[in-house]
Amino acid sequence: MTSYVEAVSGLRPKMRRAIIMIQDLLMVLVAVALSLILSQSRLSFDALSYAGLACWLVIVLVAHLLFRYCGLYNTVWRFASTPDFFNILKGCGILTVVLYLTSLAFRLFFQPVAGLNERQFIVFFLVSFTIISAPRLYYRFLRDGASWRILRRAAGDAPIRQALFIGRLSEADVIVRFTRTAMPAEYAIAGIMATEGDAPLGTQIQGVPVVAVRPRLVDVLEEYVRGTKNLDFVIFGKGVEREIEDYAELVRVARHSGITVVQFSGLSELGQGGKLVLDAVEMETIMRRSAVATDIERIGAFVEGKRVLVTGGAGSIGRVLVKRSLQLGAEAVLVADNSEFGIFQLDQLVEERERDRLTSRIADVTDRRQMMRLVREFEPAIIFHAAALKHVPILEENWEAAIETNVFGTLACAEVAAKCGVPQFLLISSDKAVDPTSVLGVTKRAAEQIVASLHETHAARPSMSNGGGLNGHDVASRHPGTKFIAVRFGNVFGSNGSVATIFQAQIEAGGPLTITDRRMTRYFMTVAEAVDLVIMSAADAEQRQGADDYAIYMLDMGKPVPILEVAETMIRMAGKNPYTDIQIRFTGVRPGEKLHETLHGENEEVVKLDIAKIFGLRTEVVRWAKIQAGLTALQAAIRDQDKAAALAVLMELHQDQNIPERDMPKVAGQTA
């Protein structure tokens, strides 16, 4: 029987289903014969006569139709459960009733048949249900129990890796069941550590013992890893990092013992096989920053069916914006980025089924002519402007590149958006723009001011007449007005050049970890959460008009996190001890850096919106004429290679002081 089950399981799905159907019909015929034998019935006609064979054929056809109707062939055997056995019960019950009523009608209207009564049909029902259920039940037993694993090992398969599961008992039941039925088998749950404090210690779930409950999870894990060398994985359940205080310590204990730590995020079906979806435990998970639940319906409705352009789409934030837009059903996504390798990496990350909706172009956002051609050809409904240079110390030395990309690149893309009538333009901004002390900060603040000023200009003149458009063109008379907004937030985990990626590289190199100052703090957010909130901000801005309209949105980043705490935590997560295994060295604050960042200035009013984790900012908007004069002076400073003059212009612009208006080439929004 075991070899038969193994042989059937190795067939293709259609062939396997056909064999199962034939098997069930044979079981029905066997059940008919057994019911007559067990009830010692003596029929008045020959079962092998033409009439008898016709009866057998009718029974087979009726049984096949009823079993298909009851869904007996819509279930994969290894996942068969109580509802599936109820379907068998229902199918056998209906078949018994149909056969009984048919025989009753035949006896009443045609001819009496001796040897048939209710007893035979009761026996038939019991026998048919038993022998049809038995193969399925036996198959589940082989797949769930040790017998199947022994059988698999005998066939020369690699040994199954052992894992501990830490999470809720309800989730443990699902994972244990799935790991036992998965093809091929990859993991075996050796024990369950329950996060519920009232879980029954010592009991079993499908034969797997509950070895620990809160609050003794860390102690038991330490004992477990010391007492066995056969443990390969620790699998955390969904959301465990938010449920227990000892999460980071559990990760540290496991990694210190050389055990791989992963987190369960769902189940997937691959053909006829199943697979656990296990994610690596990242720094943002370890720090346990509480994430807001995303309004998927709202951001999905906003993005679905739209054409989306992402500048800097190969960067850390732009890449997630691209992937998220595709997931939410964007009609098409265009990436404009100047990194060939970044575009290549992005293409590898996008799923095959979504690549036909993704287009990538190597482009410079400061090149108006190139951006104009891209936007006119693609016709986006929204531009996410994520292209920026953002490394504080490097930009102190490369200030011209920072101004060209962060200021004039934003200006060029905004100008193109307005000329082409793009409905919405969204700038990805930074907390460095608040009370800026660095080149990065003043350039991002200038970009915010450009966007905010254009926001006010277009809101004030939604129906500009001749001479009211950009560079003297009548934009609004030909196109609907463009909505300009900026979204300001702090650091994201795992972005290019973030402390998490730098620390990870330093840990892998054996240290030391370098921190500028032990007092330094930063705001942190997961890149996935930041991107969803950026899209939500765009969706909210689309609906706002008049006094309730905001040029700048601010994301709630929670509480600032000490950088020293991040470093120490990451060292522990790598299974090392801070200051002994890996040193931490303090190098002093670098040019342009601040000890503590803020998300809004003293002169900015924070307005609470009806959206979790998103605020509107009321801030003084620099008049467009003053921005034009500032941009003219900035271009002159770059031509003269005068960093001091350039920074003075940007700071004056930030402080909203008078700037002498000079002759300059016409820029976005300037009238003829």
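A residue is called buried at under 20% relative accessible area, exposed at over 50%, and partly exposed in between (1.4 Å probe, protein chains only). By this rule Arg544 is buried, because its relative accessible area is 15%. The model is predicted, so local features need pLDDT of at least 70 and side-chain atom pairs count only at pLDDT 80 or more, while totals for chains, interfaces and linings use all residues. Residues are numbered from 1 along each chain as its sequence is written, and side-chain values use heavy atoms, with hydrogens and water left out.

**Figure 1. Overview of the protein.** The secondary structure comprises 23 helices and 22 strands; helices (H or I, at least four residues) and strands (E, at least two) are DSSP runs, numbered from the N terminus. Of the 672 residues, 51% are buried. Among contacts with a separation of 6 or more, 78% join residues 24 or more positions apart, a contact being heavy atoms within 4.5 Å. The protein exposes about 31,300 Å², of which carbon and sulfur atoms supply 55%; accessible areas come from the Shrake-Rupley method with a 1.4 Å probe, and for residues only the protein chains shown count as cover.

Figure 2. Glu448 belongs to helix H18 (residues 439–460) and counts as buried because its relative accessibility is 0%. A salt bridge joins Arg488 to Glu448, with the closest N and O atoms 2.8 Å apart. Arg488 lies in strand S13 (residues 483–488) and Glu448 in helix H18, so the pair ties together parts that are 40 residues apart in sequence. A salt bridge here is a side-chain nitrogen of Lys or Arg within 4 Å of a carboxyl oxygen of Asp or Glu. Both Arg488 and Glu448 are buried. The side chain of Glu448 also makes a polar contact of 2.6 Å with the side chain of Ser429. A polar contact is a pair of N or O atoms within 3.5 Å; within protein, one must be able to donate a hydrogen and the other to accept it, and residues adjacent in sequence count only if both atoms are side-chain atoms. Not counting residues up to four places away in sequence, the residues that Glu448 touches include Leu427, Ala433, Ala486 and Ile552.

Figure 3. Helix H20 (residues 527–543) has 17 residues and reaches 25 Å from its first C-alpha to its last, close to the 24 Å expected at 1.5 Å a residue. The expected span is 1.5 Å times one less than the number of residues. Of the 17 residues of H20, 14 are buried. Arg544 forms a salt bridge with Asp540, the closest N and O atoms being 2.5 Å apart. Asp540 counts as buried because its relative accessibility is 4%.

**Figure 4. Further salt bridges.** The structure holds 20 salt bridges. In one of them, Arg168 pairs with Glu171, the closest N and O atoms being 3.9 Å apart. Arg168 counts as partly exposed at 25% relative accessibility, whereas Glu171 is buried, with a relative accessible area of 11%. Elsewhere, Asp431, Lys432, Lys594 and Glu597 are linked in a network of salt bridges.

Figure 5. The peptide bond from Arg214 to Pro215 is cis, with omega near 10°; Pro215 lies in the loop between strand S4 (208–213) and helix H8 (217–227). The bond from Gly511 to Pro512 is likewise cis, with omega near 0°, and Pro512 occupies the loop between helix H19 (499–508) and strand S15 (513–515). Glu379, a residue other than glycine, has a positive phi near 55°. Glu379 is found in the loop between helix H15 (368–378) and strand S11 (382–385) and is exposed, with a relative accessible area of 58%.

**Figure 6. Val589 and its contacts.** Val589 lies in the loop between strand S20 (584–586) and strand S21 (605–608). With a relative accessible area of 41%, Val589 is partly exposed. Val589 and Asp517 are 72 residues apart in sequence and 6.2 Å apart in space, C-alpha to C-alpha. Not counting residues up to four places away in sequence, Val589 touches Thr516, Asp517 and Leu595.
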